[in-house]
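Here is a walk through one protein model for someone meeting it for the first time. Have the sequence and the 3D view open as you read.

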Amino acid sequence: MKKLLVVVALFFVPFVVAAVSYADNQYQKLAEAYAVRAQNAFDSGEYDLAVEYTIKAEENAELSRQYVEMMLLRSEADTQIRVARNRLVWARSLKADEHFPEMYNESMALVEQAQVAFSSEKYVEAKQLALQSMDALAGLQELDDERKRLAQEEEAERLRLQEEERLRLEEEERQRRLAEEEAERLRLEQEALAAAKNKGTYPEYYIIHDWKKTKDCFWNIAAKPFVYNDPFKWEILYNANKGVLDNVSNPDVIQPEIKIRIPSIDGEVREGIYDPQKEYSVFGKK
């Protein structure tokens, strides 16, 4: 019976050792050393000692297995934390810390918790927290794409409104200029009409009356407001009407009832015979 136990133990140890990935550790080396001793004791017929060595080989093989398992968990946790941190770097490249701060901060907090757990050799917990950190960023790309799409739409709308405002202001400016031009045109027309009216309210002819009643002479007629409003312009009347005077050599004498012409001297319009019932503009008055 002792032989059977030793044989089973000797075959079991190499199998367990071969199943691990981290074979080069102190527990594995001890397990192999005790297995050799157990084999030697068995070959020497020292079965009790062989069993003792076999038990020690199994104990160290178990410790080696636990060590390897721990190292595998440590490696997985470390790898997952690194991946989670890289994910955060990617998230920052999308400016998630600005656009999606709650999502980003939650992921960052989980990574920090994973690092604390890792430092405490809680590798399973560390790995789970790192995975949760990545889960917290799930859908970030879609959210960022949607954010960019909305931002593009908002920018397009802003540019559209800006263009509408520009066109509106241009139209207002055009209408303002048109209104100013129309106002200026009307002003000029009114001035022209007023000027024409002023120029058209002067008589072209004047009937000489009896001196005793009207004191008509070239001097007094030139002084009349509707004529030249200036007696010193009497010679203009005299020179223009020599042909109707009885005594050309004496301009002071004008026979009554003759019609003298009043020449235009400033572009003013003169027409008709002076009518005392009409109202005329004052010559030279603006």
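## Helices and strands

The protein chain has 10 helices and 2 strands; these are DSSP runs, numbered from the N terminus, with at least four residues (H or I) for a helix and at least two (E) for a strand. Starting at the N terminus, the order reads α-α-α-α-α-α-α-β-α-α-α-β.

A few ground rules: residues are numbered from 1 along each chain as its sequence is written, and side-chain values use heavy atoms, with hydrogens and water left out. This is a predicted model, where local features need pLDDT of at least 70 and side-chain atom pairs count only at pLDDT 80 or more, while totals for chains, interfaces and linings use all residues.

## How confident is the model?

The predictor's confidence in each residue is its pLDDT, from 0 to 100. Across the protein chain the average is 87, and 88% of the residues score at least 70. Confidence is highest in strand E1 (residues 205-207), with a mean of 96, and lowest in helix H1 (residues 2-18), with a mean of 40. Over residues 1-20 the pLDDT is below 50, and this stretch has 24 contacts in the model beyond near neighbours in sequence; a contact means heavy atoms within 4.5 Å. Where pLDDT is low, the predicted coordinates should not be read in detail.

## Inside and outside

Of the 286 residues in the protein chain, 28% count as buried. Buried means under 20% relative accessible area, exposed means over 50%, and partly exposed is in between (1.4 Å probe, protein chains only). The accessible surface of the protein chain is about 18,700 Å², and 54% of that belongs to carbon and sulfur atoms; the areas come from the Shrake-Rupley method with a 1.4 Å probe, and for residues only the protein chains shown count as cover. Among contacts between residues at least 6 apart in sequence, 64% join residues at least 24 apart.

Ser 107 counts as buried because its relative accessibility is 0%. Leaving aside neighbours within four places in sequence, Ser 107 is in contact with Leu 88, Ser 133, Ala 136 and Leu 137.

## Two loop residues with positive phi

Asn 229 isn't a glycine, yet it has a positive phi of about 60°. You'll find Asn 229 in the loop between helix H9 (218-223) and helix H10 (234-240), where it is partly exposed at 38% relative accessible area.

Glu 257 isn't a glycine either, and its positive phi is about 75°. Glu 257 lies in the loop between H10 and strand E2 (259-261), and with a relative accessible area of 61% it counts as exposed.

The whole structure holds 24 salt bridges, each a side-chain nitrogen of Lys or Arg within 4 Å of a carboxyl oxygen of Asp or Glu. In one of them, Asp 144 meets Arg 147, with the closest N and O atoms 3.1 Å apart. These two are 3 residues apart in helix H7 (residues 140-199), so about one helical turn separates them. Asp 144 is buried at 0% relative accessibility, whereas Arg 147 is partly exposed at 24%.

Glu 155 and Arg 158 form a salt bridge too (2.6 Å, N to O), and both lie in helix H7, 3 residues apart. Another links Glu 157 and Arg 160 (2.5 Å, N to O); this pair also lies in helix H7, about one turn of the helix apart. Salt bridges that share partners join Glu 173, Arg 176, Arg 177 and Glu 180 into one network.

Which aromatic pair links distant parts of the chain? There are 14 aromatic pairs in the whole structure, meaning rings of Phe, Tyr and Trp (its six-membered ring) with centres within 6.5 Å; planes under 30 degrees apart count as stacked, over 60 as edge-to-face and the rest as tilted. The rings of Tyr 228 and Phe 283 have centres 5.9 Å apart and planes at 70°, so this pair is edge-to-face. That is the pair in question: Tyr 228 sits in the loop between H9 and H10 and Phe 283 in the segment after E2, 55 residues apart. Both Tyr 228 and Phe 283 are buried.

Tyr 274 and Tyr 280 make a tilted pair, 5.6 Å centre to centre with 35° between the planes. Tyr 206, Phe 226, Tyr 274 and Tyr 280 form one aromatic cluster.
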